[in-house]
Amino acid sequence: RGRGGNMYLSLTSWSFPALTLEETAAISGIIGIGALDISTKGRPGLDKAQLLDDPRAAAERVAALEVKIPNFYHHFGDSLADRNLALPGTIDANQRDLEKVLTFADAAGIATIFFLPGIINPGQSRSQAITAAAESIRALLDVAKNFTAEICIEPIIRSFAESPAVVEELVDRTGIRLALDYSHFVCLGYTQEQIDPLCRHAAHIHLRQARMGKLQERFARGSINFPALFGTLRDAGYDGALAIEYVHQDFLNASSDDVMTETVTMRDCFNDWNAGGA
């Protein structure tokens with residue numbers, strides 16, 4: 001085994017929005033990754049209503065893909081704002097849905113589920129959003145106690161959790177772990193060393209190159225030092241999936257990159273690093 005311990009690559013199904021779920025699984029195998037993160041997004045996404053209605057049937061479809069599924073990306077609402085974790089009055093409905101999602105994940109052998117932390121809603125300050133989301137997260141962690149799959153949150157740009165300091169506060173208040181994506185912090189101007197301490201809270205990782213002002217950048221033009229990131233994760237004891245998450249979408253103008261070329265470049269970067277050393 002290489003230097004990365006048990007770290008391994010995955011592919012995000014939403015990287016290829018024109019493909020079916022089965023096609024994205026096949027691509028993951030063809031390019032030597034063999035693992036796939038799934039969601040309810042786009043054409044390769046599972047049907048959320050069907051999943052909530054019959055979690056075990058959804059799990060059977062996923063099992064038929066014959067690739068490892070490390071992670072499921074869940075959306076409680078139909079948009080960033082709808083039923084977000086910082087919106088008061090959403091806890092009961094979100095707890096009910098999470099129970100179904102965790103039933104699905106356990107039946108499908110999926111280790112982690114992530115969702116977004118929430119936004120600053122109308123009339124809220126950032127501190128009020130943190131307090132409301134912390135209450136939601138504690139309630140959702142209470143549901144997750146009865147299941148094997150672990151829930152985590154992904155701090156993203158335009159959420160209330162846009163700085164390492166706010167994320168640390170949320171972790172301190174709730175014990176929640178992270179689906180960590182450096183690109184969301186880097187594009188806002190945080191340095192890699194300012195983000196590194198969050199690695200000790202990671203339950204899942206997204207890999208994508210970025211630079212200040214650009215959430216997604218070609219590998220050769222971005223500012224993230226990925227060999228350094230892999231070493232930081234290993235030293236923090238992380239041993240899970242590294243999901244390559246180049247996307248083709250309008251959000252923050254992330255639609256102009258060759259997703260397949262960038263995915264393979266990132267794959268090679270990790271494999272080269274992982275093959276080194278004793």
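Start by selecting C152: at 0% relative accessibility, this cysteine counts as buried (under 20% relative accessible area, with exposed being over 50% and partly exposed in between, using a 1.4 Å probe and protein chains only). You are looking at a predicted model, where local features need pLDDT of at least 70, side-chain atom pairs count only at pLDDT 80 or more, and totals for chains, interfaces and linings use all residues. Residues are numbered from 1 along each chain as its sequence is written, and side-chain values use heavy atoms, leaving out hydrogens and water.

C152 is in no disulfide, and its nearest cysteine sulfur belongs to C199, 14 Å away.

Now move to strand β2, residues 36-39. Strands (E, at least two residues) and helices (H or I, at least four) are DSSP runs, numbered from the N terminus. L36 and I38 point one way, D37 and S39 the other, and all are buried.

Select strand β1, residues 8-12, which pairs with β2 in the parallel sense over 2 bridges; pairing takes at least two DSSP bridges between strands. L11 has L36 of β2 as its bridge partner. Follow the chain from β1 through helix α1 (residues 21-30) to β2: this β-α-β crossover is right-handed, meaning that with the strands pointing away from you, the path from the first strand over the helix to the second runs clockwise.

Finish at strand β3, residues 71-73, joined to β2 by 2 bridges and running parallel with it. Here, F72 is the bridge partner of I38.

Terms used
A disulfide is a pair of cysteine sulfur atoms within 2.5 Å.
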